[in-house]
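Please look at the sequence and the structure shown below before reading the report.

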Amino acid sequence: MRNFGVLPPLLVLDPLLRGWLLEDIGRGDRTTNTLLIEDATRGTAKWIAKAPGIIAGLPVAARVFQILNENVSFTAVTAEGARCEPGQLVAEIHGSLDALLMGERVALNLAMRLSGIATLTNIYVEKIVDLPARLVDTRKTTPGLRLLEKYATAVGGAINHRMGLDDAVMIKDNHIAAAGGIGEAISRVRSQIPYPLTIEVETESLEQVKEALQHQADIIMLDNMRLDMMREAVQLIRQQDKRVKIEASGNVTLETIRGVAETGIDYISTSAPITQSKWLDLSMRIVL
């Protein structure tokens, strides 16, 4: 079952959208402001898909137009998270033409970016849909867009990993080096973090897996391991502590993800749906 994302509240979302609108409009839309009297001419815009994919970001696009004019109505003809085909009507927007024209680029850019992420995420998810392992995203996001890009991966069927450094503890290779070892790193962190934060540890060898188990890590990440080593690590963890969740990461591709999932891990984390996705092409046409 797809795990639909939850958008941030308007208190968080609106300042982002206002900033992006200000970036585009600047001191005023020279073209629209010259051609139209503000809020005097009304019309309808149709959004059309020009490529197949998964639609995401329509509520965000609607808010862009409504910030410019609260009376704009945005009707999603294709549901959020649904598949579209070229030529399909995605949305209809009705309201003042100045708001439709000034909001067009920001709204389309966001929807195309988020739909592209949801589309590639869904392709990854479908590769392992019949297996227990779940796909999760990473912190490799575009600065300023993390909340929305992670929302798009959830629309595509993935689970969000931590949103930021304050969400959970993840002890990675550089933390281990800085602390002088996995055991020392876990001990220091556990003595200071608040309940109920969990501790995840990145491991690259069976020796590190054993050390993470010894110091009772909550989640063990198997990073860049060969499949045979990964299977051995999973067996070791399951035998010693069934409470521990297992995550696999590193160089996960559409060609390798199923083999990774078949090792018996719980989660597969990859940045690919965000970092390697293409925008889904959408266009807007004004109908007077």
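Predicted model: local features only at pLDDT ≥ 70, side-chain atom pairs only at ≥ 80, totals over all residues.

Residues are numbered from 1 along each chain as its sequence is written, and side-chain values use heavy atoms, with hydrogens and water left out.

Four strands form an open sheet in the order E3-E5-E1-E12, with antiparallel pairing. Strands E3 (73-76) and E12 (282-287) stand at the edges with a single partner strand each, so one side of each is left without a neighbour in the sheet. On average, neighbouring strands of this sheet are turned by 20° against each other, direction ignored. Strands (E, at least two residues) and helices (H or I, at least four) are DSSP runs numbered from the N terminus, and two strands pair if DSSP finds at least two bridges between them. Strand E1 (residues 42-49) pairs with strand E5 (residues 89-96) in the antiparallel sense over seven bridges, and the bridge partner of Arg 42 in E5 is Ser 96.

| Helix | Lies across | Angle |
|---|---|---|
| H3 (residues 58-68) | E1, E3, E5 and E12 | about 165° to E3 |
| H4 (residues 97-127) | E1, E5 and E12 | about 165° to E12 |

Thr 138, in the loop between strand E6 (134-136) and helix H5 (146-155), is buried (under 20% relative accessible area, 1.4 Å probe, protein chains only), with a value of 19%. Not counting residues up to four places away in sequence, Thr 138 touches Lys 150, Ser 269, Thr 270 and Ser 271.

Methods. Axes fitted to C-alpha atoms, helices over the stretch in contact; angles between N-to-C directions. Contact = heavy atoms within 4.5 Å. Buried < 20%, exposed > 50% of the residue type's maximum accessible area, 1.4 Å probe, protein only.
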